[in-house]
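Visitor: I have a structure to look at and some questions. Can we go through them in turn?

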Amino acid sequence: MDHRVALLHRTSALLLVSLLAACTQAVTVPVDTALASTASPASAPTRKAADTSMPRITVHRDAHCGCCHLWIDHLRAQGFDVDDRIEPDMSPVKQRLGIRPDHASCHTAEVGGYVVEGHVPASDIRRLLREKPALHGLVLPGMPMGSPGMEVEGVAAVPYTVLALGHDGATSPYAEHRP
Ligand SMILES: [Cu+2]
């Protein structure tokens with residue numbers, strides 16, 4: 001097993017606070033890069049117009065999360081209408097939305113009656129909303145390098161698997177992603 005993968009597995013078992021700290025640390029470079037490339041308000045990144053057939057997605061995140069807003073940028077670039085909610089404490093939010101610590105990542109989203117945890121690609125969320133399976137939602141525990149919003153220059157992307165989370169709390173593979 002790749003050392004980074006092992007590290008992520010260990011990380012996902014730690015408290016949310018640690019995840020947030022790791023998140024902030026991990027994205028120092030891309031955040032700077034993103035800021036540098038959009039220094040002028042006039043050169044704001046071009047976005048697809050919000051797709052009105054898509055339900056609004058509410059994203060709960062911590063104000064100090066360094067990668068959550070990059071995932072939001074990814075969703076917006078893919079046509080999602082994002083309601084960005086800064087939360088004082090993510091733990092009760094995750095508890096309310098049925099996300100266990102071992103499934104936790106940084107941000108937690110609600111869309112179309114589903115819960116989406118972590119850096120899940122927009123394409124998986126679109127499929128979820130199109131197929132409407134009887135699930136609680138999708139989870140991507142931890143913060144796999146290379147997943148949307150976790151692209152860090154100079155750090156290799158890793159394969160990751162988005163999990164389908166059932167109403168009974170059981171998970172099964174939903175989508176495999178390879179760099
Ligand atoms: Cu993150």
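This is a predicted model: local features need pLDDT of at least 70, side-chain atom pairs count only at pLDDT 80 or more; totals for chains, interfaces and linings use all residues.

Visitor: How many helices and strands does the protein chain have?

Guide: The protein chain has 6 helices and 7 strands. Helices (H or I, at least four residues) and strands (E, at least two) are DSSP runs, numbered from the N terminus.

Visitor: What order do the strands take in the sheet?

Guide: The order is β2-β1-β3-β4-β5-β6-β7, in an open sheet of 7 strands with mixed pairing. Two strands pair if DSSP finds at least two bridges between them.

Visitor: Which strands stand at the edges?

Guide: β2 and β7 (171-177) do; each has a single partner strand, so one side of each is left without a neighbour in the sheet.

Visitor: In what sense do β1 and β2 pair?

Guide: Parallel, over 6 bridges, with β2 covering residues 82-87. One of the bridges sets Thr58 against Asp83 in β2. The chain goes from β1 through α4 to β2, a right-handed β-α-β crossover. Right-handed means that, with the strands pointing away from the viewer, the path from the first strand over the helix to the second runs clockwise.

Visitor: And β5 with β6? How do they run?

Guide: β5 and β6 run antiparallel, joined by 3 bridges. Val139 is opposite Leu163 in β6.

Visitor: New topic. Which residues have the most contacts inside the largest nonpolar core?

Guide: Cys67, Val116 and Leu138, in a core of 31 residues. A nonpolar core is a set of buried Ala, Val, Leu, Ile, Met, Phe, Trp, Tyr and Cys residues joined through C-beta atoms within 7 Å. Elements that each supply at least two residues of this core include β1 (57-62), α4 (68-77) and α6 (122-131).

Visitor: What does Val116 contact?

Guide: Leaving aside neighbours within four places in sequence, Val116 contacts Ala109, Val111, Ile125, Gly137 and Leu138. Contact means C-beta atoms, placed from the backbone, within 7 Å.

Visitor: Last one: is Asp62 buried or exposed?

Guide: Asp62, in strand β1, is buried, because 21 other C-beta atoms lie within 10 Å. The cut-offs are 20 or more for buried, 12 or fewer for exposed, and partly exposed in between, with C-beta atoms placed from the backbone. The C-alpha atoms of Asp62 and Asp89 are 6.9 Å apart, although the two are 27 residues apart along the chain.

Definitions and conventions: Residues are numbered from 1 along each chain as its sequence is written. Two residues are in contact if their C-beta atoms, placed from the backbone, lie within 7 Å.
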